Amino acid sequence: MTNKYDAIIIGAGMSGLAAGIRLAMYDKKVVILEKHSIAGGLNSYYARRIKASKEIINFDVGLHALTNFANKGERRRPFTKLLKQLRIPYDDFKLKEQTFSLIKFKSAALKFSNDFELMRSEIATVFPQQVDQFDKLVNYLVEYNETDLKATYISTRSVLETYLSDDLLKEMIIAPLLIYGSAWEEDMDFSQFVIMFKSIYLEGFSRPVGGVRTIIELLIDKYQSVGGELRFKAPVSQIKADTHVKGVYLADGEFLESQKIFSSAGLPETFSLLNEAESLKSDIGKMSFTESIIVTQNKQAIQNYKATIVFYNESDKYLYRKPDTLIDTSSAVFCLPDNYELENKDGNGTARITYMANYDLWKKLSKAEYLAQKENVYHQANKLTQKILGQKVDCIFKDVFSPTTIERYTGHFSGTVYGATKKTRDGQTSIPGLYIIGTDQGFLGIVGSMLSGISMSNLYGLMES
Amino acid sequence: MSSEEVKKYVLDIIADVAPDEELDGLKASESLRDQLDLDSMDFLDIVMELRKRHKVEVPSEDYGQLATLNSCVEYLTPKFA
Ligand SMILES: Cc1cc2nc3c(=O)[nH]c(=O)nc-3n(C[C@H](O)[C@H](O)[C@H](O)COP(=O)(O)OP(=O)(O)OC[C@H]3O[C@@H](n4cnc5c(N)ncnc54)[C@H](O)[C@@H]3O)c2cc1C
């Protein structure tokens with residue numbers, strides 16, 4: 001048996017699996033190397049037994065929402081393109097749509113759903129003076145070429161300034177898009193904003209029945225059915241390269257040879273495998289989060305609330321930055337996965353609460369302090385849950401992930417979720433044959449990272465050969 | 001190989017690459033892109049399928065030759081010979 005491959009992929013997250021499918025589909029000899037024993041990366045899953053009900057529940061590490069909702073067969077939608085490229089039938093995803101979501105600030109609230117008209121009419125009611133300008137902004141966004149691989153950074157706030165004069169409206173529009181996908185603090189790259197605006201407001205949210213596990217299993221099945229090789233517990237410890245990549249060494253010393261390496265580990269993380277980490281340290285993204293999961297027996301309280309996701313902010317100014325404290329409780333994302341389609345019989349009474357968090361402060365804690373602080377995050381999240389739902393709910397299961405949990409499980413430096421602030425965009429690095437896919441190529445989220453894996457493997461794995 | 005056969009191969013490929021498209025009323029002399037929801041990714045797939053199924057190579061500078069069904073047949077038939 002030879003250890004020579006047409007392509008090696010580092011990481012079995014969404015981008016790695018999607019890239020693998022494309023390459024294997026066209027008869028490339030490809031291997032995906034994943035350091036963990038399961039796939040999914042930043043959006044994996046795990047099972048826990050609930051003592052009170054003796055049920056075993058699958059929890060998603062991340063999944064609040066699958067963005068880019070499209071109806072079956074709907075044309076020119078990123079999600080439809082993705083399915084075509086992966087040759088996975090629409091119905092296999094078993095999507096359930098959101099009811100509606102809410103942007104809830106101190107002095108105003110706006111609803112949106114998978115029907116963009118709802119958001120527009122909410123803005124017309126709450127900000128009547130701004131709605132014409134909002135329409136102009138939307139027209140501009142619709143025509144914008146946000147996937148141009150040569151695009152450079154443009155400040156979103158400076159563009160919004162030219163369209164909208166109401167500060168509160170600007171804050172409310174940008175807040176969900178920042179927290180669902182900005183590697184930059186306070187502001188975001190305009191093309192990233194356009195991608196997110198379309199994927200969240202114009203297209204919308206859904207969730208597969210079974211959560212993220214459904215997606216991961218579809219991807220793995222497809223990959224294996226087209227002949228791809230997937231190795232778990234196979235951490236890459238070094239990338240071998242001189243003027244061109246040569247292959248990778250695994251932690252146990254095994255060498256795998258290839259002229260093409262697609263890495264989803266992140267840009268600074270990938271360069272650390274070349275022993276060049278120092279030069280890229282400054283680019284490590286600052287944004288990390290805690291995620292709390294609370295399960296209650298009072299499923300009715302959740303269903304009665306109806307909304308699927310609440311983007312909650314205590315004031316009228318949205319602060320999106322690494323906080324000076326362990327977590328920032330002045331804003332949160334509050335997600336009720338049961339509320340994808342009302343009267344969801346599969347709901348298990350879950351609420352998920354995301355806070356912005358400071359990795360460095362979490363990293364410094366002793367073991368005992370760490371556990372105490374996780375307990376504190378849970379208490380804050382629980383308080384917020386009662387406040388938003390407007391009633392007391394019991395808790396039969398809780399779990400909290402911190403920025404250090406994220407780092408430990410995904411290998412992303414500093415527990416960064418949206419990656420480095422410097423995106424490679426065209427996927428190329430200074431080393432020929434080494435390509436970046438996923439978060440640090442610039443397309444993120446579940447759908448975005450799959451599209452990244454697809455487009456980079458098309459460009460450098462299929463077209464160039 | 002006859003041009004009819006080549007046409008059938010091309011249509012078979014399009015049916016697999018774009019399974020939601022209705023191919024019955026397709027006009028052979030008009031742009032595929034305008035009639036069907038095909039983008040550059042789909043054209044790449046058509047090229048890749050030609051290579052995989054029929055060992056026919058289409059270099060990227062020739063992608064323009066695949067604009068209509070007629071131009072596909074005209075361009076590809078000699079390659080199938
Ligand atoms: C709490 C949380 C909630 C989220 N919620 C949502 C959401 O609701 N909707 C949404 O669209 N997105 C969400 N995201 C973001 C989304 O999960 C990511 O953008 C996406 O999964 C990134 O995929 P990726 O392939 O780029 O990277 P990753 O998922 O990070 O994949 C990289 C993989 O590489 C592996 N790896 C790293 N180094 C090595 C090595 N040296 N050797 C071998 N393997 C290695 C890792 O183990 C990992 O499996 C969330 C993320 C988090 C953390």
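The legends below describe close-up views of a predicted model.

**View 1. Helix α7 of chain A, from its first residue to its last.** Helix α7(A) covers residues 190–203, and its 14 residues reach 18 Å from the first C-alpha to the last, which is close to the 20 Å expected at 1.5 Å a residue. The helix bends by about 30° at F197(A), and just after α7(A) the residue G204(A) takes a positive phi of about 110°. Because 13 of the 14 residues of α7(A) are buried, this helix is largely enclosed by the rest of the structure.

**View 2. An open sheet of seven strands in chain A.** The strands of this sheet follow the order β8-β7-β16-β17-β18-β15-β19, with mixed pairing. At the edges are β8 (109–112) and β19 (397–401) of chain A, each of which pairs on one side only, and the twist from one strand to the next averages 15°.

**View 3. The pairing of strands β7 and β16 of chain A.** Strand β7(A), residues 101–104, pairs with strand β16(A), residues 309–313, in the parallel sense over four bridges. Within this pairing, L102(A) has V310(A) in β16(A) as its bridge partner. In general, strands of a sheet pair through backbone hydrogen bonds, in either a parallel or an antiparallel sense.

**View 4. Helices α12 and α13 of chain A against the strands.** Helix α12(A), residues 367–389, lies across β15 (288–295), β16, β17 (327–335), β18 (350–357) and β19 of chain A, and runs at about 120° to β18(A). Helix α13(A), residues 403–410, packs on the sheet and touches β15, β18 and β19 of chain A, while its direction makes about 100° with that of β15(A).

Technical notes:
Residues are numbered from 1 along each chain as its sequence is written. Chains are lettered from A and ligands numbered from 1 in the order in which they are written. This is a predicted model: local features need pLDDT of at least 70, side-chain atom pairs count only at pLDDT 80 or more; totals for chains, interfaces and linings use all residues. Side-chain values use heavy atoms; hydrogens and water are left out. Helices (H or I, at least four residues) and strands (E, at least two) are DSSP runs, numbered from the N terminus. The expected span of a helix is 1.5 Å times one less than its number of residues. The bend at a residue is the angle between axes fitted to the seven residues ending there and the seven starting there. Buried means under 20% relative accessible area, exposed over 50%, partly exposed in between (1.4 Å probe, protein chains only). Two strands pair if DSSP finds at least two bridges between them. Axes are lines fitted to C-alpha atoms, for helices over the stretch in contact, and angles run from 0 to 180 degrees between N-to-C directions. Contact means heavy atoms within 4.5 Å.
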